[in-house]
Amino acid sequence: MPQNLDAAAVRTWCSRALEALGREREEIDAINVYPVADGDTGTNLYLTVESAATAVEAVFAAHEPDMPDGSGGAGGGVPEVSVVVRSMAHGALLGARGNSGTILAQLLRGMAERVGDGDHLAGALRRAAELAREAVAHPVEGTILTVASAAADAAEATPDDAARAAYEGARTALDATPGQLAVLGRAGVVDAGGRGLLAVLGALVEAVTGEAPPPPPARVALPVPSAAEPCADGGPAFEVIYLLEAEDAAVARLRARLDALGDSLVVVGGDGLWNVHVHVDDAGAAVEAGVEAGRPHRIRITHFGGAAVPVREQVQRAVVVVVPGEGIAALCAEAGATTVLARPGEPPASGELVDAIRRAHAREVVLLPNSAELRHPAAAAAEQARTEGVRVALIPTRATVQGIAALAVHEPARRFDEDVVAMTAAAGATRYAELAVAEHRSWTSAGVCQAGDILGLIDGDVAVIGTDLTATATAVLDRMLAAGGELVTLILSADTPDGPSVAAHLERHVRDTYLAVDTTLYHSGHSATPLLIGVE
């Protein structure tokens, strides 16, 4: 019987792939010589799979039973495989990095299409290879594309043991890449992207069979031009990557325009959301092309080397803060912080936080994640930045209002340790609450809620359950101010129904009920959370 994947196997695959790329990242980085010797292919693949794995875990978390009797989960505790694979592909699309990471995202999208429709594993691998090749403007043999095609060929020849056959076929093809691409032969290495794909396929074997295949031998590249040197081969100077919301017709025109601007063009995705990757000399023109096609965001521009680009002087200290909407981003930027936008359902991965720390271009950085869910990605980002010589202090803020409180007392003229202590104290002295809408019937610390109920969470725990947003918010405020307070901070989403009247009522209630308590109102822009409350 042809091999296939179920939801649990997909989850295990993502987890094992992330572990494998974590172990082999540095080795893959070391053999990265094509298309640019910038030594980051292993890291890019790791960050891409990290985003995919995070999306898969979110699906399983949403399907866990909430009630003591096991009821209340969105799907009885086990999500459909179609939902899991599509979440995997979507997560990879959002987090795709670099040339190989972008291609890997499209490979996962191809697999998701077929597995989600009930096709067997061999058919999914074939569709993955086809879709990835179509996404690359000018496919080159001896790369990850060659390895993916060989894996599909082998799987189709042995559908009953497709995962193992795909791995062996990919390994054979990978060993042949130095003979297909001259730059690999000169460096004495196999293709780095193909090597990363082999690690992902090895994880697939382990997920399906329970047995990990033997790893390939380690390889070390011979000296090649580094990313810190000018591009000796006359190639483009910049790598440009962005997510793009656009229609299919506009993307077709964008492909043609970017192809004329540079090389290594890969455009992946579909259904209105795309990930665009290209190497160009004119980074501005590449971004402008995206603006004409639709709405580009999460724009990343990397310079490959050379003395033509002036180096911005490094500042002594900066603050990097995660924010829930454009309004708070503007507020924090005005205060001098570097911001990372957390869109609904798209928490930033550790790689985005590292990018923000690099953008801050400071010797010392204070990182404010503003979410308990970002504790581990923020810690990983801080550790990565420290290896790059940046002194990083991670203040474990759990809510935006705590981050605003910390930023308000930030003083660059103080010694670093003193500044961190003051910011930590300000964040810790700020109690936080949020209003949310229950998605389904659940058991909470305040009792049973029904779908559509308004939940008032104080310091992360449900404290109030109501049916009206204004009344529930008022009850939450009263509970928080019962212990005292001097300043109430309200952060209102642009998506909150009748938001202005809600805010006006709360401001009036505080003014009329509590003496010497001030209220400050901020607008977060579009956000999934209707209202955030802070009490200092």
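**Arg-11 and Phe-60.** I looked here first: the charged end of Arg-11 sits over the ring of Phe-60, 4.2 Å from its centre. The test I used asks for NZ of Lys or CZ of Arg within 6 Å of the ring centre and within 35 degrees of the ring normal.

**Ground rules.** This is a predicted model, where local features need pLDDT of at least 70, side-chain atom pairs count only at pLDDT 80 or more, and totals for chains, interfaces and linings use all residues. Residues are numbered from 1 along each chain as its sequence is written, and side-chain values use heavy atoms, leaving out hydrogens and water.

I found four strands in the order 6-5-7-8, with parallel pairing; strands pair if DSSP finds at least two bridges between them. At the edges are strand 6 (338–341) and strand 8 (391–394), each pairing on one side only. Helices (H or I, at least four residues) and strands (E, at least two) are DSSP runs, numbered from the N terminus.

**Strands 7 and 8.** Strand 7 (residues 362–368) pairs with strand 8 in the parallel sense over four bridges. Opposite Ala-393 in strand 8 I see Val-366.

**Helix 11.** Which residues of helix 11 (residues 283–293) are buried? I listed Ala-283, Ala-285, Ala-286, Val-287, Ala-289, Gly-290 and Ala-293, taking buried as under 20% relative accessible area (1.4 Å probe, protein chains only). Their cover includes strand 1 (238–245), helix 10 (248–261), strand 3 (273–280) and strand 4 (295–303). Asp-282 caps the N-terminal end of helix 11, with a side-chain oxygen 3.3 Å from the backbone nitrogen of Gly-284.

How values were computed: Buried < 20%, exposed > 50% of the residue type's maximum accessible area, 1.4 Å probe, protein only. Contact = heavy atoms within 4.5 Å. Polar contact = N/O pair within 3.5 Å; in protein donor to acceptor, adjacent residues only side chain to side chain.
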